[in-house]
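The following report treats the chain interfaces, the symmetry and selected local features of the entry displayed here.

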Amino acid sequence: MTRLYLHPDRLFPADTGTRDIARRLYNGIKDLPIVSPHGHTDPAWFAYNQPFANPSELLIVPDHYVFRMLYSQGVPLEALGIPTIDGGETEQDPRKIWRCFAGHYHLFRGTPSRLWLDWVFAEVFGLKVRLSSETADLYYDTIDAALATDAFRPRALFERFGIEVIATTESPLDPLDHHRAIRESGWSGRVVTAYRPDPVMDPEHAGFLDNLHRFCEVAREDISTFAGYLRAHENRRAYFREAGATSTDHGHPSAFTADLPRAEIEALYASVLGGLASPSEAELFRGHMLIEMARMSLEDGMVMQIHPGVHRSHNPSVLARFGRDKGADIPILTGYVEALKPLLDRFGNERDLTIILFTLDETSYSRELAPLAGHYPALRLGPPWWFHDSPEGMRRFREQATETAGFYNTVGFNDDTRAFLSIPARHDVARRMDCGFLAKLVAEHRLEEDEAHEVAHALSYSLAKQAYKL
Amino acid sequence: MTRLYLHPDRLFPADTGTRDIARRLYNGIKDLPIVSPHGHTDPAWFAYNQPFANPSELLIVPDHYVFRMLYSQGVPLEALGIPTIDGGETEQDPRKIWRCFAGHYHLFRGTPSRLWLDWVFAEVFGLKVRLSSETADLYYDTIDAALATDAFRPRALFERFGIEVIATTESPLDPLDHHRAIRESGWSGRVVTAYRPDPVMDPEHAGFLDNLHRFCEVAREDISTFAGYLRAHENRRAYFREAGATSTDHGHPSAFTADLPRAEIEALYASVLGGLASPSEAELFRGHMLIEMARMSLEDGMVMQIHPGVHRSHNPSVLARFGRDKGADIPILTGYVEALKPLLDRFGNERDLTIILFTLDETSYSRELAPLAGHYPALRLGPPWWFHDSPEGMRRFREQATETAGFYNTVGFNDDTRAFLSIPARHDVARRMDCGFLAKLVAEHRLEEDEAHEVAHALSYSLAKQAYKL
Amino acid sequence: MTRLYLHPDRLFPADTGTRDIARRLYNGIKDLPIVSPHGHTDPAWFAYNQPFANPSELLIVPDHYVFRMLYSQGVPLEALGIPTIDGGETEQDPRKIWRCFAGHYHLFRGTPSRLWLDWVFAEVFGLKVRLSSETADLYYDTIDAALATDAFRPRALFERFGIEVIATTESPLDPLDHHRAIRESGWSGRVVTAYRPDPVMDPEHAGFLDNLHRFCEVAREDISTFAGYLRAHENRRAYFREAGATSTDHGHPSAFTADLPRAEIEALYASVLGGLASPSEAELFRGHMLIEMARMSLEDGMVMQIHPGVHRSHNPSVLARFGRDKGADIPILTGYVEALKPLLDRFGNERDLTIILFTLDETSYSRELAPLAGHYPALRLGPPWWFHDSPEGMRRFREQATETAGFYNTVGFNDDTRAFLSIPARHDVARRMDCGFLAKLVAEHRLEEDEAHEVAHALSYSLAKQAYKL
């Protein structure tokens, strides 16, 4: 069995002098509380504080980063216990799932999943040997035993992880019962929601028309007219703000925006409502609604996040058998300059509005996003997202965005995850990479070390609090 | 107050062995004269040698790199004294403008503006403490006092900076009086012009039709026919060459070129002249004219520069209130392979023609520009431009272009600036980054040190002189 | 005369600690046999084992990497002995060609050609001084004398280079006589072919209709119907497999695929057969045929390679005078996500099919290719190709693809060359760069050294054998 060891200098540049600087910067910020302004943890965990079921249900079955890698190498998703839509057979024995995962752990060499998982194994569960087929059962038994104890329930972990505040993400249709339960429980942990209206704003979303009917009910608005539909949004946004929401989130296929005249959007809404919208009309509707969302944000103060540029569910067989979010989402070329112009023409110069832009198309960092954020008061750049939430992805983001946008047009780190146990590991990777980047600037005499300490603090903590108003 | 110190090893790689090599390479070229083959300084400075007005007028108001960053963080352009088009109120007190700038100086951490400005403060004005709100007045008083002395007049600085030759950029409508005044003054400084015909070649340029009328007058040609219009260009190019011009410059939205049959371009010209050109006709006209410019360059020997790929004045509010060049120009995806084909089909194989290509779309370096320049005799690659005139931008350019195009299909450095005082700092950044890049090649045994010395000299001095025929 | 010296640490990172790790990793794999699963050597060399003609015929005239660089700097291709199509004059004296090349050798500073050539000069021919005008004749005489000896015949070099297996690439029209001659000669060297059907699958290929007639003859199938045309492919693929082929190769302008209904493809084939296909029909035909090729691969087990994204013969003057493959091929923007969807919808989930994707558009590594290969079981990523088969190109590939696709969705190295003598140098560059990349991961504590040794072995040897079934 091979040792599992998290080196204290991990992810720092190898050059001795630069590493010394990185270590000093990191020591100044490593114990700051975690601010997690955007993510996908389940509020029910914190509301009811039930123990997690078993190692595989916790760490494999819900993590598309993990199972897509095994799938790409020929492991059937059924062997990993991924539930099928039609209830078709899938592996039920969590220990067998775990062994399958352990036997393929070498596939994660060089990936961020490996860094996060090793951190969880070593820091959360105290494991001292590396995961492999040989150690699979040791791992399973150790983790399974820990999960049965109170110290591994969601609230205990939340506190142990030093989380100051975490945001979940909910549909406008969500009654936010779990968030209410958290507040009413008297527990001190701060868990807020975020307003993600795609299910009622994207005519191509699965179940869109049904969603609209439920939207009508939960918002208690007549949405047969566009004015009523807008009031329903305003109503639900107010409801979300009461549950602590400070942000909205929009996951459109592109960054396209459109500012339609009233008559035109009313006619388009009628078509959308009738289920008659063509793909280009759906795009037009989403594009116009981004501008309505920006208008509402300017009124109610909610920060707006745009996460564009993914071809969702690219694999129809996997979609049909297992559903959405199964590791088959593929990024696409994404333009911002023309796409955002209607939105920016209306609201780009607003100092009281914050629109946070994300991308999966790294070519936009230096060409489009940094120049846009380095000019428009309303714009800020979100951290490297999804596939790019990784050491090299973070390095490229800082190298390509900083010289034009600076540090202060960025907003710190988002973990953006449903993998709760990995949250501290993800923030730690970001803090280490940012300290390494700053250390290089200091070592090359492009920044003084006293300034680097201030920037490290901003990137690790204060920029996220400010940008997200947390 | 914190020390301001320009470290002698700044921008060199941190690894000790590599840094030693970089230092040796840099010592061999750091004192070479500055050849500035393309830029936007004002020839009137050198013609009349008047003192610069005050610190803010010199360093903030004209520098869109600087004020766009403050604007992006919510500082109104009025607070920075940017003149409004309609004469609306703007800050008049240069000391207040300076204090506002100083209070936001942290925004420039990690940006090239910070490197250039610190160099100007330390080297030109002898300041020993860092700029901040606390030191704002000390800075203002020091710089203001210096500017009143003869040693800080334009010609004295030109000589102190070791400038061997500098090119300005003028419209064909410019009478070149300032250049004549320089020549007639007996001063030994070499200041040449460059021919930038966009105002009379781009039907979408502001005031285009008026410009054409003035073009007709200054060229003393009847431009009612396309033949006359071409003669007017030939006439003005000859006039510019007499004022020392060795190059033309073309700032089109794209790199599109077109080679229209005579009847077609004559009909298109008639439409352009009548103010009737559609956007696609305007593109066609610009595209054809690039080929006419190449033809004239082959005849008169002027080097041709193409700077494509910017969405100019992306922010209509800023344009309406403050005009062009206010930090709201955003790069766009820019293709070269199909766009340049008509031009290259005609002139790509000419050994006596030099076309220098620039880009704001770094994705074209390895995919398109290096392969094109590594084949066509007429093509050379310009240095990293504008947003990419930065340490990381330069590193990416060398890393992505060198392996396919080599060093000798590039043309040294362009400062491309109107910020006169920063010119030595900009050349110094380029020299340091190139020496650092070469040092890495030497340290990794990909190039011998004697060869690296030769390449460093070429990149710092001789390639610019040769490519621009200076 | 300057020393020529191949430093044993060349291409390793300069940082001492990282370099020590790289050296250890490299020592573990440097003597592994060469597996060359895709390339363009001439099987006649190995069949008949004739001596190579002279230094220029061997190293300059056939190498478009070399002569395009001199051409880009104004050297006529005629001066380098490139044969003209019409038999027009071209330099015949190989010594003069060599001197011209030697006098321009500085142009290759910083390029991979320089690394490969220096390796050939030092390791293959034992030269101790650097190539220059001064040493041109010494080089010519040394190499020319060596080539006359038995030790420098193709088979002797093949054995000396430690080649375990090499694949050539042939058209379906090729009778594979040379491969038969190799097998029948009793020589132990393993040389296999690969099936490259572009000449009979791309309606825009030069001589396409003539090729179809010959295809009909060699396959002994009536190809007047689409069914017959498919049978002809199946027939020739079987013939190629008998000559050792384990792979096919497809060099289309784009990665476009299409899955047409039977009636539609039959009608399209009739149009293609009649020479009537428009450019978009040609694209449609190529796109459909990729899916047919994948189907056949699933049946016959041949690995499928797709090399898209080049504008071939961009320079019409060079094409007309010298023909194809003369250094005028330029990469273009290449999308994979939509383009491959029809193919992946059909066969992406097949575990028994391997499709290896290549690109000249590096922007697709992190945005498209790594996410696709990190999901679909049928997909693997080929190594950096052509312009990107270089130290920096390899570094970018590993940095941009590994975090999402891991190492095990890649397939080791391809030399992809017709420059036989450079093959060991090319594999050595790849092995050194991969060890340097792994050493950095180890030095930054992102991977343990025992794992890095395993990965280095996989990247240098076993992944290529497995992926290509060699």
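## Interface of chains C and B

Arg367(B) and Asp361(C) form a salt bridge whose closest N and O atoms lie 3.1 Å apart; a salt bridge is here a side-chain nitrogen of Lys or Arg within 4 Å of a carboxyl oxygen of Asp or Glu. Between chain C and chain B the count is 9 salt bridges. There are also 31 residue pairs in polar contact, both residues being at pLDDT 80 or more. A polar contact is a pair of N or O atoms within 3.5 Å; within protein, one must be able to donate a hydrogen and the other to accept it, and residues adjacent in sequence count only if both atoms are side-chain atoms. The elements of chain C that give two or more residues to the side touching chain B are α1 (16-29), α4 (64-72), α6 (112-124), α15 (316-322), β7 (330-331) and α18. Of these, α18(C) gives the most, with 5 residues. Helices (H or I, at least four residues) and strands (E, at least two) are DSSP runs, numbered from the N terminus.

The model is predicted: local features need pLDDT of at least 70, side-chain atom pairs count only at pLDDT 80 or more, and totals for chains, interfaces and linings use all residues. Residues are numbered from 1 along each chain as its sequence is written, chains are lettered from A and ligands numbered from 1 in the order in which they are written, and side-chain values use heavy atoms, with hydrogens and water left out.

In total, 55 residues of chain C are in contact (heavy atoms within 4.5 Å) with 43 residues of chain B. The area buried between the two chains is about 4100 Å², and carbon and sulfur atoms give 49% of it. Within chain C, Arg109(C), His314(C) and Glu392(C) lose the most area to chain B, together 17% of what that side buries. Buried area is the accessible area (1.4 Å probe) that two parts lose on being put together, summed over both.

## Interface of chains C and A

Here 43 residues come from chain C and 55 residues from chain A. About 4100 Å² is buried between chain C and chain A, with carbon and sulfur atoms giving 49%. On the side of chain C, the residues that lose the most area to chain A are Arg367(C), His375(C) and Glu403(C), together 18% of what that side buries.

Chain C and chain A share 10 salt bridges. One of them joins Arg130(A) to Asp450(C), with the closest N and O atoms 2.8 Å apart. On the side of chain C that touches chain A, α16 (341-347), α17 (364-373), α18 (391-405), α19 (423-443) and α20 (449-467) each supply at least two residues.

## Symmetry

Copies are superposed by least squares on the C-alpha atoms of residues with pLDDT of at least 70 in both. The copies use different surfaces, since 5% of the contact residues of chain C recur in chain A.

Chain C is likewise superposed on chain B by a rotation of 120° with 0.0 Å of shift along its axis (RMSD 0.0 Å). The C-alpha of chain C nearest that axis belongs to Asp15(C), 3.5 Å away.

Helix α9(A) spans residues 177-185, and His179(A), Ala181(A) and Ile182(A) in it are buried. Buried means under 20% relative accessible area, exposed over 50%, and partly exposed in between (1.4 Å probe, protein chains only). Seen down the axis of α9(A), its buried residues fall within an arc of 160°, so they line one face of the helix; the arc is that of the directions from the helix axis to the C-beta atoms. What covers these residues includes α2 (43-48) and β3 (191-192) of chain A. Gly186(A), with a positive phi near 85°, follows the helix.

Thr193(A) is found in the loop between β3 and α10 (198-201) of chain A. Its relative accessible area is 0%, and Thr193(A) is therefore buried. The side chain of Thr193(A) makes a polar contact of 2.6 Å with that of Glu170(A). Leaving aside neighbours within four places in sequence, the contacts of Thr193(A) include His179(A), Leu176(A) and Phe240(A).
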